[in-house]
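Thanks for coming, everyone. I've got one structure to walk through today, so let me put it up and we'll get going.

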Amino acid sequence: MDTTVTLTGTGTPLPVPGRAGPGTLLRCGEWAAQVDAGRGTVLRLAELGLRCPQIGLLALTHYHSDHLVDMADLVLTRWVQGEFDPLPVLAPEGPTARFARRVLDNWEDDIAVRSHHGGRPTPPALDVRTFTPTETPTTVWRSGTVDVSAVAVRHEPVEDAVAYRFDTSDGAVVVSGDTRVCAEIEQLARGVDVLVHEACRTEVLRARGKDFIADYHADTVELGVMAERAGVATLVLTHLEPGPTTGDEANTFAEEVRRGGFSGQLVVGEDHTTVPVSSEPVSSTAAVD
Ligand SMILES: [Zn+2]
Ligand SMILES: [Zn+2]
């Protein structure tokens, strides 16, 4: 199987040129899963040569707008592109699942007119599968291709935020969603081939008086400590905060993670950064330390 991880967006709520909203694409042979759908996700997928109907699973980490704002676009475009089967959506029970169930509500007039005009047999549909987040990893999805497990993460005051792990025949991938560095992710990511983790330069944010942001995101140095302890092979940084606009700014993220002691392969993510899930070398144009 040919399994890869691609960042469809490495940004945050604050727009940074060249960085779409948060999203990670897992491709496993012909099958693909998208984790979160931030600003510009559908466009990034198109740039990767993917049509929305190729997405076989959408996994949502939490209900912050930066992670969900392109979900309606993904679902509607998938339908416009000719896929009428319901899209499987994984979501923690609570506000995230509620958002998913309502995501098409504002589009009923558009759906009605397109259904009639384009002769579409059925409206777009979702198959929302919910689960209760737990402090230890729990399997939440199984297909012939991958097993997906989830764990509750620490993004308080946001409740019910989760990270996902994908176990494939080529190896294992964890996507953190938004979280402080926490034992739950360490457990989920123990020995994984690829850990896609949000990264925050908390010192910078605190110096700017943004403690409320630093408090619920992953400090870069602490992340380096945790990823080393977990034995992660490749660590991919995403959801970069503050969003770097120069190579030097991006390198600072890597320096701080190294200061924490991480000795594996390290990638400071850019949109479209692609990492193979195997022992092969990283094939991307992103900064590699
Ligand atoms: Zn976020
Ligand atoms: Zn968040």
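So, start with the side chain of H155: one of its polar atoms lies 2.9 Å from the backbone oxygen of Y216. By polar contact I mean a pair of N or O atoms within 3.5 Å; within protein, one must be able to donate a hydrogen and the other to accept it, and residues adjacent in sequence count only if both atoms are side-chain atoms. Before I go on, the bookkeeping: this is a predicted model, where local features need pLDDT of at least 70 and side-chain atom pairs count only at pLDDT 80 or more, while totals for chains, interfaces and linings use all residues. Residues are numbered from 1 along each chain as its sequence is written, chains are lettered from A and ligands numbered from 1 in the order in which they are written, and side-chain values use heavy atoms, with hydrogens and water left out.

Back to H155. Where does H155 sit? You'll find H155 in the loop between β8 and β9; helices (H or I, at least four residues) and strands (E, at least two) are DSSP runs, numbered from the N terminus. H155 is buried, at a relative accessible area of 0%. For the cut-offs, buried is under 20% relative accessible area, exposed is over 50%, and partly exposed is in between, using a 1.4 Å probe and protein chains only. Leaving aside neighbours within four places in sequence, the contacts of H155 include H62, H64 and D178, contact meaning heavy atoms within 4.5 Å.

Those names come back at the metal. Which residues hold the zinc ion (ligand 2)? Its protein donors are H62 (NE2), H64 (ND1), H155 (NE2) and D178 (OD), at 2.1 to 2.3 Å. Donors here are N, O and S atoms within 2.8 Å of the metal (3.2 Å for Na, K and Ca), and water is not among the atoms, so sites may look incomplete. The four donor atoms subtend angles of 95 to 151°, so the arrangement is irregular. On that label: four donors are tetrahedral if all angles lie between 85 and 135 degrees; four are square planar and six octahedral if opposite donors are over 155 degrees apart and all others between 65 and 115; anything else is irregular.

Now the neighbouring site. D178 bridges the zinc ion (ligand 2) and the zinc ion (ligand 1), which lie 3.5 Å apart. D66 is in helix α2 and D178 in the loop between β10 and α6, so the pair ties together parts 112 residues apart in sequence. D66 is buried at 8% relative accessibility, and D178 is buried at 2%.

Last stop, the strands. β8 (residues 147–152) pairs with β9 in the antiparallel sense over six bridges, where pairing takes at least two DSSP bridges between two strands. S149 stands opposite R165 in β9. Six of the seven residues of β9 (162–168) are buried. A hairpin through two residues then joins β9 to β10.
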